[in-house]
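Thanks for coming, everyone. Let's walk through one structure together, step by step.

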Amino acid sequence: MSSFIYSASPARILFGCGSRTKLADEISRLGRRRALVLATPFQKADAEKLASSLGDLSAGVFAKAVMHTPVDVTSQALLAYETSGADCVVSLGGGSTIGLGKAIARRNGSDQIVIATTYAGSEVTNIVGETENGLKTTVRGPEILPETVIYDPELTCGLPVAMSVTSGLNAMAHAVEALYAPDRNPVTSMMAMEGIRALSSALPDIVKTPDNLDARSKALYGSWLCGSVLGMVSMALHHKLCHTIGGSFDMPHAETHSVLLPHTTAYTEQAAPELLKPVADLFGKPSAGVGLFDFAASLGAPLSLSSLGFSEANIERAAELALVNTYYNPRPIELDGIKTLIRTAWEGTRPL
Ligand code: NAD
């Protein structure tokens with residue numbers, strides 16, 4: 001066996017139906033007394049309900065979180081934090097709300113408790129991407145990792161089916177890239193495959209019955225594992241390309257991940273077939289790329305960049321941007337290959 005390094009995440013995880021009722025205990029456990037509850041405008045009512053359930057432990061609600069963590073929203077949230085006398089934050093929501101909590105913690109060292117309601121996985125990473133003047137910069141740091149994460153499957157039953165599917169595929173993308181990460185280890189590979197397995201079994205059931213709690217639990221469990229490996233090992237072509245296409249062409253986050261995943265996997269698989277064989281085997285397909293494409297199609301996920309509004313004229317530019325910074329990928333990043341990849345994803349054709 002090859003040598004490896006494994007660093008376990010220090011985050012505390014509470015998992016299970018009804019676990020949101022442990023929030024007050026968790027705030028006290030951290031030695032905190034006033035929590036500012038964060039949310040998007042869409043989840044404001046849920047955040048207010050949660051805050052009122054906290055009684056004196058609540059410092060109020062700040063419900064202006066938006067995608068990509070713009071620094072001007074963070075400044076407003078920091079002001080709300082100070083004026084309300086808060087000493088920690090509770091982030092109720094997906095990656096956008098969690099990003100805001102991380103941006104606050106990065107600046108004032110606040111403790112964060114996250115109640116995760118999508119499958120994006122940000123709650124278990126020490127990464128935040130912040131946007132200023134149209135530029136998204138990614139930062140890592142120990143203070144960015146939330147202290148406590150509450151996974152309550154009941155809170156995910158309202159996540160619309162289309163978002164559940166793309167968010168679940170977004171989670172799977174973390175795990176697929178973890179399987180060929182240069183700094184992977186046997187534990188991260190085991191977590192990655194278990195995450196992919198859990199989501200591949202849960203998502204079809206969610207599509208059929210969105211409030212199936214067993215399926216919701218399994219999907220959230222899978223997303224925890226997939227998010228955990230995202231936080232522990234390096235990502236490669238797939239995440240870089242999603243970052244480029246999402247950031248430079250203003251494409252939706254989870255949908256871009258789900259469209260690109262079969263194609264980035266097929267591209268990389270040519271150089272690392274043995275590392276991706278467990279994924280191909282799981283789907284019973286000749287390759288992981290084909291398996292992921294057919295799986296996404298069976299769930300009714302968007303299959304083409306064109307259907308997301310990405311213009312054909314941008315293919316060339318996106319490929320060039322993907323080559324601006326060099327980074328590790330099992331199969332080297334070459335302009336012609338990347339152009340073909342993006343064109344196939346734009347058309348939504350099954351990868352070869
Ligand atoms: P999101 O947080 O933007 O949520 C999308 C919408 O769904 C929001 O309006 C939200 O309020 C709503 N929503 C969330 N949960 C819901 C539920 N259970 N029921 C009904 N509505 C619900 O989406 P996301 O995909 O979770 O996050 C995307 C953002 O997270 C991007 O900015 C991305 O860059 C970031 N992200 C960061 C990391 C990281 O490690 N730093 C990882 C993954 C994603």
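First, a term we need: two strands pair if DSSP finds at least two bridges between them. Keep in mind that this is a predicted model.

Now the strands. Strand S2 covers residues 35–38, and strand S3 covers residues 58–62. How many bridges join S2 to S3? There are 3, and the two strands run parallel. Take Leu38: its bridge partner in S3 is Phe62. How does the chain get across?

Next, helix H10, residues 273–283. Which of its residues are buried? They are Leu276, Val279, Ala280 and Phe283. Look down the axis of H10: these buried residues fall within an arc of 100 degrees, so they line one face of the helix. What covers them? The cover includes helices H5 (161–179), H6 (186–208), H9 (253–269) and H11 (288–298). Just after H10 comes Gly284, with a positive phi of about 65 degrees.

Now see H9 with helix H13, residues 335–347. Two packed helices are described by the angle between their axes and the distance between the axes. Here the axes come within 9 Å and cross at roughly 145 degrees. The crossing of H9 past H13 is right-handed. Which residues meet there? From H9, we have Val259, Leu260, His263, Thr264 and Tyr267. From H13, they meet Gly337, Ile338, Leu341, Thr344 and Ala345.

That's my tour. Over to you.

Definitions and conventions: Residues numbered from 1 in each chain as written. Predicted model: local features only at pLDDT ≥ 70, side-chain atom pairs only at ≥ 80, totals over all residues. Heavy atoms only, no water. Buried < 20%, exposed > 50% of the residue type's maximum accessible area, 1.4 Å probe, protein only. Helix = DSSP H or I, 4+ residues; strand = E, 2+ residues; numbered from the N terminus. Arc of directions from axis to C-beta. Contact = heavy atoms within 4.5 Å. Axes fitted to C-alpha atoms, helices over the stretch in contact; angles between N-to-C directions. Left-handed = near helix turned anticlockwise from the far one by under 90°.
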